[in-house]
Amino acid sequence: MSRAQATFAVALAVVALGVMVVAGFVLSWPRRRAQTTYKGAPGQWAFLAHRVTGFLVFAFLLLHIVDVSLVRWPSLYDDVHRLYSNVVLRLFEVGLLFALLFHALNGLRIIAVDFFPGAIARERHLLTAAVVLTVAAGVPGAVVIMWPFVEGRF
């Protein structure tokens with residue numbers, strides 16, 4: 001394993017550790033749910049999904065900074081980018097795409113609820129629209145990202 005691949009593997013391990021910490025928090029949520037005022041309403045799950053997707057996007061940003069910082073060493077940069085052709089990292093990118101889309105669309109839903117008081121009555125519909133638009137925009141993007149594996153070019 002080259003130095004670039006080792007650096008990238010360490011950065012990926014840090015991101016994976018962060019994801020596991022967030023997942024642990026999410027999995028322990030039902031035990032604490034009885035203490036909340038929301039009691040599992042759609043707004044509560046939208047709040048939780050917005051925080052998780054925001055964390056994932058932030059984690060990718062940190063990984064991207066490590067990736068871009070390697071541009072000073074072209075061979076290291078090329079080694080790291082060869083890792084992106086791996087199917088596991090392609091699936092990671094698909095998950096990132098869906099997280100980014102949901103985070104952006106849910107952010108627009110939150111803005112609508114904040115600025116238009118009547119929108120709170122349609123919160124469930126707005127959340128459904130955010131999820132449907134996430135899937136509608138994410139599936140074509142996922143196909144494009146995974147297309148090399150469909151054609152057998154990897």
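I take helices as DSSP runs of H or I with at least four residues, numbered from the N terminus. Axes are lines fitted to C-alpha atoms over the stretch in contact, and angles run from 0 to 180 degrees between N-to-C directions.

The model is predicted: local features need pLDDT of at least 70, side-chain atom pairs count only at pLDDT 80 or more, and totals for chains, interfaces and linings use all residues. Residues are numbered from 1 along each chain as its sequence is written, and side-chain values use heavy atoms, with hydrogens and water left out.

Entry 1, the helix pair. I looked up helix α3 (residues 42-69) and helix α5 (residues 87-115); their axes come within 9 Å and cross at roughly 130 degrees. That makes α3 oblique to α5, since angles under 35 degrees count as roughly parallel, over 145 as roughly antiparallel, 65 to 115 as roughly perpendicular and the rest as oblique.

On α3 I found, among them, Ala 46, His 50 and Phe 60; on α5 the residues include Phe 92, His 103 and Arg 109. The contact residues divide into twelve nonpolar, six polar and one charged. Ala, Val, Leu, Ile, Met, Phe, Trp, Tyr, Cys and Pro count as nonpolar, Asp, Glu, Lys and Arg as charged, and the others, Gly among them, as polar.

Seven lining residues, the largest share, come from α3. The lining divides into eight nonpolar, four polar and four charged residues.

Note on methods: Helices (H or I, at least four residues) and strands (E, at least two) are DSSP runs, numbered from the N terminus. Contact means heavy atoms within 4.5 Å.
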